[in-house]
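Welcome! Please take a look at the sequence and the 3D structure below, and then read on for a short tour.

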2 protein chains.
Amino acid sequence: MTGRMIGMTATRTIVCCTEVGPALAGRDVERIATVFKALGDPTRVKLLSLIAASDAGELCVCDLTEPVGLSQPTVSHHMKVLVDAGLVQREQRGRWAYYRPSTEVLVSATRELIGTQP
Amino acid sequence: MTGRMIGMTATRTIVCCTEVGPALAGRDVERIATVFKALGDPTRVKLLSLIAASDAGELCVCDLTEPVGLSQPTVSHHMKVLVDAGLVQREQRGRWAYYRPSTEVLVSATRELIGTQP
């Protein structure tokens, strides 16, 4: 489980009768929960899925409203949650906002949490 | 992006001016959101982290209360959310419940969502 030590703060705790290995520390726990919380909503899962699957590597907000069947303000709100969690990057170009995925944020959160490579 | 097609239902949608690639379909979206929602809480991130890092591959509920500083009923409630999401398996042995991680559930959700293998 040494792989779990890379790039994170680790603590080792002895409790009860079983030795508990290096677990995530407070700040990492909060950061990782924020990433997963942003994805705890079907609409946001769908939106990130659309962006990650885009051949262009990015999608305009105008591309996202129809697939999820929601208004542009509602889509923009969901996208802000994804941006704030670091899962998506936003760029304003003229009238439209464009989004591209930061997939390494989700990969890293998963790897830090369970010590496995997805 | 053909890797994203494996083991999931995919749809292809043409919208607006950009071709949107194969994205997750409804049932997969709901399932994946449920997995991430269970981890959208710092206490549950910490609990899964402890179990995943355990040298024994499992931990008793009695091992989990002290590291998170919560009562056993509260820990059991959080563990039920993780079990219901498929992230952890529970086994009752005598007085205590023991938990072991089903890490493949999180790995699979991450892979299906962003189609990335780090």
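Helices (H or I, at least four residues) and strands (E, at least two) are DSSP runs, numbered from the N terminus. This is a predicted model, in which local features need pLDDT of at least 70 and side-chain atom pairs count only at pLDDT 80 or more, while totals for chains, interfaces and linings use all residues. Residues are numbered from 1 along each chain as its sequence is written, chains are lettered from A and ligands numbered from 1 in the order in which they are written, and side-chain values use heavy atoms, with hydrogens and water left out.

**Chain A as a whole**

Chain A holds five helices and five strands. Along the sequence their order is β-β-α-α-β-α-α-β-β-α. Some overall values are gathered here; pLDDT is the predictor's confidence in each residue, from 0 to 100, and accessible areas come from the Shrake-Rupley method with a 1.4 Å probe. Buried means under 20% relative accessible area, exposed over 50%, and partly exposed in between (1.4 Å probe, protein chains only).

| Property of chain A | Value |
|---|---|
| Mean pLDDT | 84 |
| Residues with pLDDT of 70 or more | 79% |
| Buried share of the 118 residues | 50% |
| Accessible surface | about 5,400 Å² |
| Part of that surface on carbon and sulfur atoms | 50% |

One stretch calls for care: over residues 1–9 of chain A, pLDDT stays under 50. Where pLDDT is low, the predicted coordinates should not be read in detail.

**Helix H3 of chain A**

Is helix H3 (residues 61–68) of chain A largely enclosed or open? Six of its eight residues are buried, so H3(A) is largely enclosed by the rest of the structure. The buried ones are A:Val61, A:Cys62, A:Asp63, A:Leu64, A:Thr65 and A:Val68. After H3(A) comes A:Gly69, with a positive phi near 65°.

**Two packed helices**

Helix H2 (residues 42–52) and helix H4 (residues 72–84) of chain A pack at about 80°, their axes 10 Å apart. Axes are lines fitted to C-alpha atoms, for helices over the stretch in contact, and angles run from 0 to 180 degrees between N-to-C directions. H2(A) and H4(A) are therefore roughly perpendicular to each other (65 to 115 degrees; under 35 is roughly parallel, over 145 roughly antiparallel, the rest oblique).

**A residue in chain B**

B:Thr43 sits in helix H2 (residues 42–53) of chain B and is partly exposed, at 22% relative accessibility. Leaving aside residues up to four places away in sequence, B:Thr43 touches B:Leu70 and B:His78.

Terms used: Contact means heavy atoms within 4.5 Å.
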